[in-house]
Amino acid sequence: MNESIDSKYQFDAFPYEPYDIQVGFMRKLYDTVDSGGIGLFESPTGTGKTMSLICGSLHWLEDHRKKKNQEDTITQESDDEPEWMKDFAKNLDNEKKKLKEKARRERLDRGREMLMALKRNMSQRNHDGNNDVNLESDDEFLIGNKENNNEGTNIGSKRLRKYIDGQSSTDEETENDLLGMESEEEVEKRTQIIFVSRTHSQLVQFVGELKKTRFYPDISVVSLGSRKQLCINPDVKKFASPAIINERCMDLQNSSVRVEKDNGKSAKKKTCKCAYLKRGSQADDTMKDMILSEPMDIEDLADLGQKRLICPYYASRDAAAEADIILAPYSSLLVAETREALGLNIQDNVIIVDEAHNLVDAINSSHSTSLTREDLEVAICQIEFYFNRFKTRLASRNAKTVQILLLAAQAILRWLNAVKGNGTSQAEASGKSAMDVNKFLLNVDLDNINMFQLRRDIQENNLLFKMGGYWKNTHASPEGHHGTGSLQALVEFLKKLTYNNDDGRIILDTNLSEIKYVMLNASTSFRSIVGDARSVILASGTLSPVETVLPLFPGNAEKRIQQFKCGHVVDAKRLLALAIPCGPGGITFDFRHSTRSHPGLIADLGRTVINISNVTPGGLVVFFPSFAYCDQVVQSWSLTGILDQMKRQKDVYIEPRSTTDVDSVLSQYAESIKNATKKHGGAIILAVVGAKLAEGINFGDDMGRCVMMVGLPYPNPSDPELMERMEFMDRQASNLGSRESKPSKEYYTNLCMKAVNQCIGRVIRHIDDYACILLLDQRYSGMNSQGTNIVTKLPGWIIKSLDLSSTRFGEAMRKVAQFFKSMQE
């Protein structure tokens, strides 16, 4: 028994000796998945979270498959059969499984060998200056061309070189011979790990970490991406809009040509005009084997597709069913229609959500949609154009569907025009107001339309595609309004009107002439994922406060929840966290909206930055609650000369609003730190909460020796969307008989502290790193309106190093100087 337990926790795939917190993480992960539980895992940035997720989950997957094979063998035995028949059936089944797995492994080994040969060949071509690629003959791409599938399986280097170099082949030297493909059969359902994250870079990191373990290269990994990321057709990928790229792709697949029939009449025949889509061909099968043979990220997939001249978007989708691990962005998982379109099967699979502190926002965003006046005007024009052309040829039911869709669009446009400038008192100030779905339907005179039936009729008749297709065939360019974007926006908005009335709200923005459906109840759409999956794991470096994700698991699901929090690998003495209530001029740091514009406060903030930067080696990161306030402060510092004083000590950089410019600024910031001297030591970067530097960038080592958090970044309390979300939480708590009368207040605080934790968690990357965290606001040192200290919502590893005793700036300054002096000794 003890040997079994010890074996279960032998995480031998970890590429180096794991820390105790990493072992604890993997053990808890293994047990949570094994019991079919829901796991909430918080492991700070720099503690090997990704590696722990990989080794813990894949170790469980290995054990699970061994156990399942044993159970399948036992299940097949029957007491009514004699022993010799049981043994015969058992041996036969085991032999079949072995042969099947052996054939699969041989197929992937051949794919790997061809992939390596392709890389060598491309390297040689690049070296010789010849980048032309001609890999296949036309015959190979004929759908269903699978004759002679069992001919020779030996791959001679001479024949493989001929194939890779694109030389002509005899009938005996086709790719069929090279691969020894078996007849096509349905892929057996296998338990999979589905790993999703918010950004492409995090999925790339997963592949890089996986390659360090013993699981590589035998584990099969498939990355799922969008057409925008993976399309290799130059006539499609040239468009900037993802919606247009999707449209053009579908257009090419659903093209038709007129062909002559035997009776002399002509008829339309569907064909695909995309030269890169070769599904069903041997070349496509080879592509899938290559994908499964070696873990690839999205860039690797796109590169392989470009070299093979085969669509990597569809090849990766087709390969996914046979993978051990599927990597995907949030959007691929969170919307049921997207999962279905991608063939992403979550039934009895393990789902791991990385960067899960963003999950609730991602779910709400995925199920929200907006509709502008311009969308409505264009959609109405397209519907009328279609109906006027085909009204005499449409069946009565289809004609009625088109007319109802047109009436709905016209009704919404009339209402939107009527309410312009005539909103409620709430809307007069911000231009925004909110209402529930039923009230919206009543106000717009759509309460007599069966939205459920309209939704079904549009979907069953493929009406969106037909109307959009006809419009594009009769108009010049797919850019602008000549695509189906406006029609899609209309149909998507109408679809949201079939959701539960309490789960969302309609937000009217008269300034933008826009209406938006906002999802309030993220658990509604996430419930099916939790119910279908074997286990759901949420992981993040800063999951605290954990209350922000608990609403995803209402009711009985809460009994399955397991939580794991760990400290940092770095010693607590290598981190100094201080709450600083005032500046060197004695002005109280109160950065609430009503007081933060005071010139004296802004000046004392500047003097604080100058003093701290004087003793801070390397980089200093200062986070502001918004771009607007950052701009206001910088302008004031420029006028008073404070900014010039800063620049005499360190180079100063400001985070740009455009995310495309961030990398350039960050590179300059890093270069300044690299070239630091004793006289001019490093750099300061002024960043913004919720922007790119607060989410996807880590400031380890000299990149972030000190991070300052200016104020508490509470969201705007008068924002109608936030108000509706908070009211929903209070109603929900009341309906469930919760003792907590106003959970929305706690939610409001949690939103703020989640943002704080994301910012200050950017520092400390490894066991030898060190940094200082400074919280600039008197509210960090006192009690909030709920009678608790807000710093209790900081991650535990920061609380261990937190000092709240400083009442004057001089005390805090002395502690910071002593800290950095001790770290540099």
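The model is predicted, so local features need pLDDT of at least 70 and side-chain atom pairs count only at pLDDT 80 or more, while totals for chains, interfaces and linings use all residues. Residues are numbered from 1 along each chain as its sequence is written, and side-chain values use heavy atoms, with hydrogens and water left out.

Select residues 325–329, which form strand E6. Strands (E, at least two residues) and helices (H or I, at least four) are DSSP runs, numbered from the N terminus. Five of the five residues in E6 are buried, where buried means under 20% relative accessible area with a 1.4 Å probe, protein chains only. Show the side chains: Ile325, Leu327 and Pro329 point one way from E6, and Ile326 and Ala328 point the other way.

Two strands pair if DSSP finds at least two bridges between them. Pick Val196 to find its bridge partner in E6, Ala328.

Finally, move to helix H18, residues 396–419, and select Ala399. Ala399 is buried, with a relative accessible area of 11%. Leaving aside residues up to four places away in sequence, Ala399 touches Phe387 and Leu394; contact means heavy atoms within 4.5 Å. Phe387 is 12 residues from Ala399 along the chain, and their C-alpha atoms are separated by 7.7 Å.

Key. Buried means under 20% relative accessible area, exposed over 50%, partly exposed in between (1.4 Å probe, protein chains only).
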